[in-house]
Amino acid sequence: MASATFTVQQDTALKNSHISLSVAQTQALRSQLKIQRGILHSSDIKALCTELNVSEDTLLQGLVPLASEFSVAPISKFHVGAIVKGLDSQGHTTFYFGANVEFDHQALSLVVHAEQSAINNAWLNGAKKIVKIAISDAPCGYCRQFMNELADAKEFDILLPEQHFKLAELLPHSFGPTDLGNEHSLFNPVEQTKRFEETKLDDKLLSFALAAYVPYSQNYSAVKISTFENGDFYGSYAENAAYSPSLSPLQSAVSQLFLAGLSFDEQIVKSITLLETTGHENQSGVAKAVLASFTGLPTLEVISATLTK
């Protein structure tokens, strides 16, 4: 499986109708994005806007080609990038990058779309509201349905290279959470009052599992990917009213690893742990299937834990 493509792009400059960077500026930004795991913070955005004399939205669209460089697309060879403009709990603007991820020799339904990757990045890293999402190509129906699960689905802007849309224009007569009697949504979950009985597990893994958006299966689930030299990467399970666009915790975590410019192989990955809710497990089979397409990776550790009120 191909790895993220930073090394391939290292001698190129980012130049488009929105922004123009030198080779040195582009290289520095690529390195920064790898270190910050596909995130540009408010201070980074302000500094770039000042340096390039552009607005936030111009910068947002101008950086989308860099997001595409995170793409891992061994099947389609079609590299898609997306960036979410989100607000944190203090109302500060953050850019969350995303790109499509494909798994060679596995069902195509297991891929991570760029829009999912960027939204997942924002969700996992504390964004409270999505204001805009800039995408290199028009979102497919799958992604439109995934975005329809968001609390801000009716409000945020979708920015394409030549056109801007609201989701309702791209997904009329939509089917969403309320059609299944779910009053909550991604970025507006039900207040979590439960806890796992097991206390010897990694606290962070437990917290990502409890933060999962699982109104349909109730399988509070998360994955932890530990690396030898680059820390840990976590993913949470995010469900969708249409079921198919749901994002598994393994997809969520692997996407985060690629956004750090890392390869998913035995030289990088030390261990992989899946935590599921006892009595609601539904992720181990698909996780093992995805991992089976890689050689040399550690055996998946699967843990079922009991939720208590």
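The side chains of D232 and K224 meet in a salt bridge with an N to O distance of 3.9 Å, a salt bridge being a side-chain nitrogen of Lys or Arg within 4 Å of a carboxyl oxygen of Asp or Glu. The model is predicted, so local features need pLDDT of at least 70 and side-chain atom pairs count only at pLDDT 80 or more, while totals for chains, interfaces and linings use all residues. Residues are numbered from 1 along each chain as its sequence is written, and side-chain values use heavy atoms, with hydrogens and water left out.

K224 also forms a salt bridge with D202, in which the closest N and O atoms are 3.1 Å apart. This pair links distant parts of the chain, with K224 in strand β8 and D202 in the loop between β7 and α8 (203-210), 22 residues apart. Helices (H or I, at least four residues) and strands (E, at least two) are DSSP runs, numbered from the N terminus. K224 is buried, with a relative accessible area of 16%, whereas D202 is partly exposed at 26% and D232 is partly exposed at 31%. Here buried means under 20% relative accessible area, exposed over 50%, and partly exposed in between (1.4 Å probe, protein chains only).

The structure holds 10 salt bridges. One of them joins D157 to K132, the closest N and O atoms being 3.1 Å apart. Because D157 lies in strand β5 (residues 157-159) and K132 in strand β4 (residues 129-135), the pair ties together parts that are 25 residues apart in sequence. K132 is buried, with a relative accessible area of 13%. Both D157 and K132 belong to a network of salt bridges that also includes E56, D57, K85 and K166.

Strand β10 (269-277) is largely enclosed by the rest of the structure, because seven of its nine residues are buried. β10 pairs with strand β8 (residues 222-227) in the antiparallel sense over six bridges, where two strands pair if DSSP finds at least two bridges between them. In this pairing A222 stands opposite L275 of β10. Five bridges join β10 to strand β11 (residues 301-305), and these two strands run parallel; S304 in β11 is the bridge partner of E276.

T273 is found in β10 and is buried at 10% relative accessibility. Its side chain makes a polar contact of 3.5 Å with the side chain of E301. A polar contact is a pair of N or O atoms within 3.5 Å; within protein, one must be able to donate a hydrogen and the other to accept it, and residues adjacent in sequence count only if both atoms are side-chain atoms. Not counting residues up to four places away in sequence, T273 touches L205, A222, V223, K224, L300, E301 and I303, contact meaning heavy atoms within 4.5 Å.

H280 is found in the loop between β10 and α10 (284-291) and is partly exposed at 35% relative accessibility. Leaving aside neighbours within four places in sequence, H280 is in contact with S217, Q218 and N219. A polar atom of the H280 side chain lies 3.2 Å from the backbone oxygen of S217. The C-alpha atoms of H280 and S304, 24 residues apart along the chain, are separated by 9.1 Å.

Helix α9 (residues 249-258) is mostly covered, with 10 of its 10 residues buried. The buried residues of α9 pack against α5 (114-124), β8, β9 (232-236), β10 and α10.
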